[in-house]
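Subject: Structure for you to look at

Hello,

Here is the structure I said I would pass on. My notes on what turned up in it follow below.

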Amino acid sequence: HNVYKSAAETLLPVRSSSAFKEKGVLTPEEFVAAGDFLVGACPTWSWEAGEAGKKRPYLPEDKQFLVTRNIPCLCRAKDLLQGKMDEEMVELQEGQQEADAWVATGGSTNTEDIEKIADMSLGDDEPKEAEAGESQGGGEAEAAVEGKQEDRGGEESDSDDIPDMEDFVVEEEDDTVTINPRTAVSSSDAQEDDNKILKTRTYDISVTYDKYYQTPRFWLIGYDESRQLLKPELALEDVSAEHAEKTVTIDMHPHIPLSSASIHPCKHAHVMKKLLDNLSEGGKEPSVEHYLVIFLKFIASIVPTIDYDYTMAADIGG
């Protein structure tokens, strides 16, 4: 199929007439206009030129495809299906219907985690009313004296935490500086801090123009938790099960020398026309500039754990 498609693209003329509402397709000029709108609405996206030998003559040299980088993917798509990301139905009152209940995502809070949270309360003891007369003045004076004594004690204890200059010993013979072991940070502590950093898969996502299908095409280039290039086949783990074996293919990226997972565009025009019709029926008339915003929202349902869609604020139609 790829051989046939490549041969056909060399023979097919470039679409020049607009038909995005009638057929859900784009001209190269409309693709660029929609890309400019996306970059303006969501600055995490940008235009790329790609390799010089892979440039398409019907697109501007500096606007060959769109890309957004380092998009986190916290879990695999199957984890959502299996319910490992807990959801609890929290009823507002006894006997309430399930449809009226709140949904609390993230599961129950572990009691150990609660204990780790610092106590920010002001204390349980409420200040008592001061007594009249000399006892009031005497109490305040005694409290002031005790407070000063406690302050002095606190200053003395705080001073113990300040490292002495003796802790830093300069060896004049070999010009080296050593730090007293009691003030040095242990390697185990540093490793513990490093372990607290959440490491996830990340993706570089690109959108190209497909001349044959006259629609955008969505590409995934993944990296594992150690920032090593992910095998394209493993990207299927982050695609919803109903699409992973049907609409996702592994192909060479058209603008960079990498084999990548891609959502095949054979059904894109049909789906986009249906989405545009639904918007029109709802009283909104999206322009061609909104095409990629709508397209990315549609693709988000196929890759539910890759949180790239930051275009919610874009005003579509009116």
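A pocket here means an open set of grid points where a 1.4 Å probe fits, with protein on both sides within 12 Å along at least five of seven lines. Please keep in mind that this is a predicted model.

By that definition, the largest pocket holds about 340 Å³ of space. It is lined by 18 residues, and those closest to its centre are Lys5, Arg56, Arg217, Met252 and Pro254. Helix 1 (2–11), strand 7, strand 8 and strand 9 (248–252) each give two or more residues to the lining, with helix 1 giving the most, four. Sorted by class, the lining has eight charged, five polar and five nonpolar residues.

Strand 9 also forms a hairpin with strand 10, with six residues between the two. They pair in the antiparallel sense over five bridges, and Asp251 stands opposite Ser260 in strand 10.

Next, the core. The largest nonpolar core has 42 residues, of which Phe218, Phe295 and Tyr308 touch the most other members. Elements that supply at least two residues each include strand 7 (201–210), strand 8 (215–223) and strand 10 (259–263), along with helix 2 (28–41) and helix 8 (268–281). Helix 9 gives the most to this core, eight residues. Leaving aside residues up to four places away in sequence, Phe295 touches Val207, Pro216, Phe218, His268 and Met272. In soluble globular proteins, nonpolar side chains tend to be buried together.

Regards

Technical notes
Residues numbered from 1 in each chain as written. Predicted model: local features only at pLDDT ≥ 70, side-chain atom pairs only at ≥ 80, totals over all residues. Heavy atoms only, no water. Core = buried A, V, L, I, M, F, W, Y, C linked by side-chain atoms within 4.5 Å. Buried < 20%, exposed > 50% of the residue type's maximum accessible area, 1.4 Å probe, protein only. Contact = heavy atoms within 4.5 Å. 1 Å grid on protein atoms, 1.4 Å probe; cavity = no way out; pocket = protein on both sides within 12 Å on 5 of 7 lines; lining within 4 Å. Points joined across faces, edges and corners; volume = space filled by probe spheres on them. Nonpolar A, V, L, I, M, F, W, Y, C, P; charged D, E, K, R; others polar. Pairing = 2+ DSSP bridges.
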